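Hello,

Please find below the structure I said I would pass on. My notes on it follow.

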Amino acid sequence: MTRYLNSGWLPALAYIVLLVAFTIAAVSRFELLANVLFCAGGLAFVGIIAASLWHLICKRWQLGGISLISVVGCGVATVFAFGVLMFSSMFGPSEDGFADNLTIPEGIEIAEPDAGDTWGGYALRDDTLEGSDKFQDRVRMAMRASGNDSTEFTADMPSLRKASTDHANIFGNYIEASPDWHVFLEQGNRFASRRWSFWGEPRDTLHGYISEFGGDSRFQTRCLLCLDRKQWSRYSVQHVQEGKDSVEPQMTLGNSLHESRVMIECGGVWVEVFEQSDKPERRMTKATVAFLEDEFSDFLTSPKDALAAAQARSRDLASRLAGKDGRPFRLLTGMQPGIYEVAYSLNPGEPGSVYLKAFEVTEGTPLSVERLERASKTRMSWSPETAESFGAKAGFTIYEGDWGKPYAARFEVWFRPDSNKPERKLAERIFKIEGWQR
């Protein structure tokens, strides 16, 4: 210890050796060894500081200065090492070996996920269906205008205010039933993102964003209903009141485009409209506000009829999602192994949410527990008529396992009622799947 404290280079050398060993162990995924080396390296770094203080207390200024420089140099080396680990975690191999010793059992029914669209879209592609919807067409038409430098718009949606305030229950049921809206829960609060249609069917996208950055199209947008008047976005959002007053959105740059994010407080609901486009004029924002006013003006003509029409579309969607075998749920392949969609065709018989649980078949190991429930959870339309089914979709990722190493997993659909009654299992099925890796 005396030699250690009196040396100008030994504490730094010990730390660097431990840091290199830790980096190698961490990259090689020797977790226990990496944890031991991490703790030893932390003590060694404290030792460098202790040696520096010891030299200064003993008035050995030259050695003290060398030790202080060593502290800085070792700090820089630490930052570099953790950068290597981060790069390795992002771009290096991520095999976890979960499925290395697993076998797919014989003698039980095991299905394979049905083919989905390359980009996670609707699996039962039907080119005879109309390719887009009225909202999507309205936004695209607005983007065909050249655009100007004026950013002001009017957040005038009196019909949406009246629908969400005077007809709150039917309004909520309509949003949950309509295939055009994806209702989800975050931290106990309900939100609904407006879908766009692809190949004739409404499709979920990551966090509800609609993006096009290819060819002449360069834009990104999202229309989000905050059904419990709670903000979901982690970003700074400008809150304004619905009405005829002109709104001047706060503008920034994102993806080299003019960006705004405005929350319109509109009676019983808040509407967040996000826009990135090549011109300052908020063309998509204006089109979104105008379309919502039109949609809920029609809704107010007869709220019950609007709800019935939305439920009819959901039943029609359910019949296609169920496939030829009439399954209560199906798995669809995503853009990479381990990334899937679930297509529900169910009627829980009361208000609530459905979500997935998954277990490896031979050992019963739960799969991606917290992430799977959160990603697969969605609100379901319902009816007291048990013969009816309603459709919904959600995307999720299974993280256990590696590409090219399939194993059997039991997926269970669970229902969580709004009534606080006990949760119950609605369906289960075994699939051959793979885990996702970077």
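Which residues does T78 touch, not counting residues up to four places away in sequence? They are Y15 and L19. Please keep in mind that this is a predicted model.

T78 itself lies in helix α4, which covers residues 61-91. Is T78 buried or exposed? Its relative accessibility is 17%, and since buried means under 20%, T78 counts as buried.

Now for the protein as a whole. There are 10 helices and 19 strands in the protein. Of its 438 residues, 47% count as buried.

On overall dimensions, the C-alpha trace spans about 90 × 65 × 45 Å along the principal axes of the protein. The radius of gyration of the protein is 28 Å, whereas a compact globule of 438 residues would have one near 22 Å.

How much of the contacts with a separation of 6 or more comes from residues 24 or more positions apart? In this protein, such residues account for 71% of those contacts.

The protein has 48 positive and 57 negative charges. The mean position of the positive charges and that of the negative charges are 4 Å apart.

Regards

Terms used
Residues numbered from 1 in each chain as written. Predicted model: local features only at pLDDT ≥ 70, side-chain atom pairs only at ≥ 80, totals over all residues. Heavy atoms only, no water. Helix = DSSP H or I, 4+ residues; strand = E, 2+ residues; numbered from the N terminus. Rg over C-alpha atoms; globule rule 2.2 N^0.38 Å. Buried < 20%, exposed > 50% of the residue type's maximum accessible area, 1.4 Å probe, protein only. Contact = heavy atoms within 4.5 Å. Lys, Arg positive; Asp, Glu negative; His and termini not counted. Charge placed at Lys NZ, Arg CZ, Asp CG, Glu CD.
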